[in-house]
Amino acid sequence: MGTSVQVKPLCGVYNENPLSYLVSIDGFNFLVDCGWNDQFDTSLLEPLSRKGFRVASSVDAVLLSHPDTLHLGALPYAMKQFGISAPVFATEPVYRLGLLTMYDHYLSRKVKFDLGNLLSLSAFDLDVDSVFSHCMQVSEFDLFTLDDIDSAFQNIIRLTYSQNYYVSGKGEGIVIAPLAAGHLLGGTFWKITKDGEDVIYAVDFNHRKEKLLLNGTVLESFVRPAVLITDAYNALLSNQPPRRQKDQQLLDAILKTLRADGNILVPVDTAGRVLELLLILEQYWEHHHLTYPIFFLTYVSSSTVDYAKSFLEWMSDKIAKSFEDSRDNAFLLKHVTLLISKSELEKVPDGPKIVLASMASLEVGFSHDIFVDWAADSKNLVLFTERGQFGTLARVLQSDPPPKAVKVTMSKRIPLVGEELAAYEEEQNRKRKEEALKATLIKEEESRATLGAEQAVGDPMIIDAKIKQPSSNGAALQHGAFKDVFIDGFVSPPSSAGPMFPFYENTFEWDDFGEVINPDDYTRNDEDMDQASMQVGEFNGKLDEASASLFLDATPSKVVSSEQTVYVKCSLVYMDFEGRSDGGSIKKILSHVSPLKLVLVHGSAEATEHLKEHCLKNVCPYVFAPQIEESIDVTSDLCAYKVQLSEKLMSNVLFKKLGDFEVAWVDAEVGKAENGTLSLLPLSTHPPPHKTVLVGDIKMADFKQFLASQGIQVEFAGGALRCGEHVTLRKVGDSSQKGGGNIQHIILEGPLSEEYYKIRDHLYSQFYAL
Amino acid sequence: MASASAAAPASSLKRANSTTSSESDELIITPLGAGNEVGRSCVYMSFKGKVVMFDCGIHPAFSGMAALPYFDEIDPSAIDLLLVTHSFFNFTFYLSQLTMHLGHMIFFDLVYLPIYTAPAYALWVQLSLGPCCFTSIFSGKGWLALTRACSKVFFGTIFSDGLSPVNVPQTTFKGRVFMTHATKAIYKLLLSDYVKVSKVSVEDMLYDEQDILRSMDKIEVIDFHQTLEVNGIRFWCYTAGHVLGAAMFMVDIAGVRILYTGDYSREEDRHLRAAELPQFSPDVCIIESTYGVQNHQPRHIREKLFTEVIHSTISRGGRVLIPAFALGRAQELLLILDEYWENHRDLHNVPIYYASPLAKRCMAVYQTYINSMNDRIRNQFASSNPFDFKHISPLKSLDEFRDVGPAVVMASPGGLQSGLSRQLFDKWCSDKRNACVLPGYVVEGTPAKAIMSEPKEVTLASGLSAPLNMGVHYISFSAHADYNQTSTFLKELMPPNIILVHGEANEMGRLKQKLLSVFADGNTKIITPKNCQSVEMHFNSQKMAKTIGKLAEKTPAVGEILSGLLVKKGFTYQIMAPDDLHVFSQLSTGSVIQRITIPYSGAFAVLKHRLNLIYESVEASTDEESGVLTLKVHDKVTVKQETENHVSLHWTADPISDMVSDSVVALVLNASRELPKLMVESEQETTEDEQSKKADKIIHALLVSLFGDVKYENEGKLLINVDGTTALLEKQSGEVECENEGLKERVKTAYRRIISAIKPIPPPGS
């Protein structure tokens, strides 16, 4: 029997939730993708974390396909909370850009003060109102920390496209290979091979060659895999307009707004499709000598572009060629200004501008803040380039008709003052002492968030970001970016092995009246403040470091949330720049690839059902669309054994060449070779007769042309090809088996005539008879 | 192809070539260059009808045609694949001619070039001679010979069949060319730089930017570890160290793996990764042997020496001149310096310059292909691009340079022949506080070589002589594997066959001896072929086929018969049932159903009767749908009485059915035309004897037409004589006795086919 293959979706089937599936091949469990949504809804991860099934601990390897939240967002959380310790595989760009995406997510939720604003306050005063006004969207976020992200990512095994990785140990015999999927930079579809049978996991692929960034997917060159797992996300999307037209629409919409003196907000992902958008804008600005400023605003924008510069190998031929020709890296952006804080944007003089800001969902991040600021002005435009995730603000705004007003939660982090500050200081002092004590006792401290998760909004929150400079060999963490950043006065415990966030347990003593306090602690400590301001001064010189702002967590603060209603007066436009194949193309590709078994995942229930029906009819008889946590068995019922071909047999075999293949008919006697394997020997007796096999693929249209070129009058009539006077040729295809290759039945009818035999000869010439 | 120098080994190779079209089990490896010599790396390999060429360089020490690898020994049109390991000029230079078609042939002579007025040109010479410098070290060839070598580069298209001056349409090279991304980028730079130089130097453009672009289009890129397949040849590459983008190629043809290291280094340096150890042991390892049995000093010692010399010179107020090539080691040295400066605050006011326009251009490549470098660089990249030097700035010309106090200048060329490095040398040589550090290979006959012996006086470029007071230090930073690295590498790989190339003959011989003592068990063959000397190895690769699908539902026992389609793709074989063909391959099977109507107005029973006379199996029945009478002849052809006046024949096309149907058609026509009745041989009592005699005659005649000399022997045997070899055919059983296996099989097959041709059609279903 063939290789046993099971697929069990953990998330993202019959809906557009993030993707996460368990594919088990002969007992070796691959977790393919480990996605999360922008709200980081922990309930989505339930199937993965469910104790009884021991899903997480049974994972033997993790494969990541795209560098965005939907495909890898949950990785840090899952690795930490569920104890997944399996090796993770990804391409270099997926690793890097994925890391940046996660950083951006974290920082969008976590960063305390807008760095630029803080620095702009010449004298560090604690005027609450002024600081308040500069504060940013934050939330109490404690699902994972930067360290969790780092530790999840640092051990990713990076592969290049079509690199065959031979799994050792438990999965001996399995070969995995990432292949270009398009969509995002480094985007991958995975081919898992065992014993010559391919299981292909291909989601969010794009067959089109993009204008700039990426070549299309090479999925089409892998035909007849044993199992194909693909998504139905775009199954209902009708054919897209030609790319050129789409680009023009986009640019027209942008220019219209800019010329009308409006601002444009483009909510984008951190490091995915935004790269293509940047290139499109850059090129257009270049060609048309536009001067409207373009801003790319994420917490990691400059790192993103820096890395993009070093990923030329992964980009389209066009970009590689232009680099070879001119040595101009496509990501040396002349018209785009990279920003890492909103205050930098605010400093920009008023006037029409275009801002690409993360996150695409508008749930958090700069795009959220800017949206709130700009929504009320009817001159402005919010341009969505991708479908918002389900249940996010972006999705709400994309609905038709767009809502008049939306409610948003504004969370602000404000520094502590007065009593709260004093409480915080006291807490700190006490903990510092405790910690000194602990440090001597505990050698290895688990790195964890400094935040007490259970505390209500308004409680004093502490973030102590301490990053040790990475050891010079750089082996430890990928933290290089932050090595120049001086953090705060705390000394990291001597026992901590690597750079990590210290963990302080927030234990409070309670008595009948509540928390025990020490009144002395409620006096202001001016000295500390001065110190803090000095440190801030230190940063000035290092502002060019993209991520410096990450660690500006020196002053104690808390988060205050308020709900606010935003009236949406600005125009909202949605254009599809997702870079995914549309429904028609997906169907075409599927019937070309024509897998033996097909598994459909990720897509609304409607789309999944639609595609399933279509595929059952046109692609293959085995189409599965499993429900969540439903384990389906797609083991191929394929039998196989190996035989040795003896020299004697082979010397008598006459191959006929058909494209890449060479085919021959063999009749052989089974024997045993010296090493015990079966071998095929030539027959000593007469070969048994066999039914002649006609090999070849005949296309009626081509054959018509061929006949015409042979001087025979041909025309199509009523689904049949009428050749000459009386002879008709009809193709009776096996309609359930389209594409790839199939058994064709051709019926040749006619009266006895010379013509009949002539046409028959022509028809035979299209086949190889074996 | 006109071959002027058909030497003895050449003819043997020619013969080898002629057999490459067939799938032989002989693996033939022939160095066309770099066999027992350094330079013009080029190794030709053929196995199972596939031809791969590794590298394509020129020899620095010879001129004209002689500098090229021995291309006239091979047929370029047969090459499937050209794999280029790295982009030193040596290795890619010739590629431009391989891949582009030049209008005419020109001899390019450097003698006419005003070299010393063009610093950039000198730089080019320096570059192009990068690897040649080894030659001078090991073979003692002088600088003059080297310049001559470069100068007389033959720019004809030797791959054109004729030497028609204008009309050379295209080289016959049709294969595909692969190199890594970085190599391709550097290749382009080097060639364009060359074009720029020749623009100012000669009127005859050898090739222009357009030609380079065309050749660039031809070159395909491969990423490290990426597995590609061309014509059934699978190949991938590993990091090789040596220079940015350098690769070792592993080629897999029909399961036989060949590793070609090119120039490699197993030592990780500041930016390059060490050469990887391949995951699989190759069957053949073609390895460089430049350094033979020599060993390098450990890297940290060399680096320490280097920085100490510079630091001490600067502390005493001196200037440091580092003459170096533009590419490769220069970047490494700059990294060392930048880091050293970073760690020494007291040096921050001392400027470092690199004065080489090409190096500056190469920097863009270095800044981009970070991912081809080691983890150290990649981790640094997370914070800032390490090739954005903090303490080093480029220098366009000496005019920009304010020579006021201590400074470090890295300038090309490395040999101090001319250009910036020479100008600075002349300026600084007489001050004893200054120092000159020679970091690389010093070419024989250059001023740099001269000052190594620290003479009292030197001659300046102006012709005057001046005292040499500055310190001269030679610290070599080589990125070739030394003996330790080579032997460890081979010990871990344990390839059964080792072929040494790219090494001077004596050095190679010593390495061979030493390696033989390492692999004393005798299972390892070490071969050092000369140029054009073929190494032939026999790999009796067993062909394995996988039986799949319906055919494999049960594993057959010994003695059973297996029949099916054998499908070959690349070097993999599959056996399957015809019905499964479309499932496991992209091929389709088809069937043609034929339906022919014939006018016949006679009685259907007549037809039946007649058919019965001819065919053994004629079944009569009525069609279930239409209720008409049908006859199934030979289980293949159905004859239907469609109307009163017509019968129709239905059958599925295959040779036997077609034949049956033809005879049925003839019969029907005969019957309907009421022509003289088809005379049925009414049981013509032909005796068994007569029949077999008749058959004998036919067999004999057919065998004669096939083999020529066929005689009757006794007891129904036939003696077949082919070119002195005889085979005895037993007619009854089909057994053949023959000493020659090949002939035996042929006779057997022929006899089997003859028998099946003359015997009656076997009844269906048997």
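This is a predicted model: local features need pLDDT of at least 70, side-chain atom pairs count only at pLDDT 80 or more; totals for chains, interfaces and linings use all residues.

Modeller: Residues are numbered from 1 along each chain as its sequence is written, chains are lettered from A and ligands numbered from 1 in the order in which they are written, and side-chain values use heavy atoms, with hydrogens and water left out.

Colleague: Which element of chain A has the lowest mean pLDDT?

Modeller: pLDDT is the predictor's confidence in each residue, from 0 to 100, and chain A averages 77, with 79% of the residues at 70 or above. Elements here are DSSP runs numbered from the N terminus: helices are H or I with at least four residues, strands E with at least two. Strand β5 (residues 88–91) of chain A has the highest mean, 94, while the lowest, 37, belongs to helix α7 (residues 128–133) of chain A.

Colleague: Over residues 112–138 of chain A, how many contacts does the model have beyond near neighbours in sequence?

Modeller: The pLDDT is below 50 over that stretch. Contact means heavy atoms within 4.5 Å. On that rule, the count for residues 112–138 of chain A is 72.

Colleague: And what does chain B average in pLDDT?

Modeller: In chain B, residues 1–22 have pLDDT below 50, and residues 200–205 stay under 50 too. Still, 79% of the residues of chain B score at least 70, and the chain averages 75.

Colleague: How much area is buried between chain B and chain A?

Modeller: The contact takes 99 residues from chain A and 95 from chain B. Buried area is the accessible area (1.4 Å probe) that two parts lose on being put together, summed over both. Carbon and sulfur atoms give 57% of the total, which is about 8800 Å².

Colleague: Which strand of chain B pairs with β25 (residues 640–645) of chain A?

Modeller: Two strands pair if DSSP finds at least two bridges between them, and here there are 6, in the antiparallel sense. Within that pairing A:Lys642 stands opposite B:Lys546. The partner is strand β25 (residues 543–548) of chain B.

Colleague: How many residues apart in sequence are the parts that A:Lys170 and A:Asp60 tie together?

Modeller: Their side chains meet in a salt bridge at 2.9 Å, N to O. A:Lys170 lies in the loop between β7 (165–166) and β8 (174–180) of chain A and A:Asp60 in the loop between α2 (55–58) and β4 (61–63) of chain A, so the parts tied together are apart in sequence by 110 residues.

Colleague: Where does A:Met359 lie?

Modeller: The peptide bond from A:Ser358 to A:Met359 is cis, with omega near 0 degrees. As for its place in the chain, A:Met359 lies in the loop between β15 (354–358) and α14 (365–374) of chain A.

Terms used. A salt bridge is a side-chain nitrogen of Lys or Arg within 4 Å of a carboxyl oxygen of Asp or Glu.
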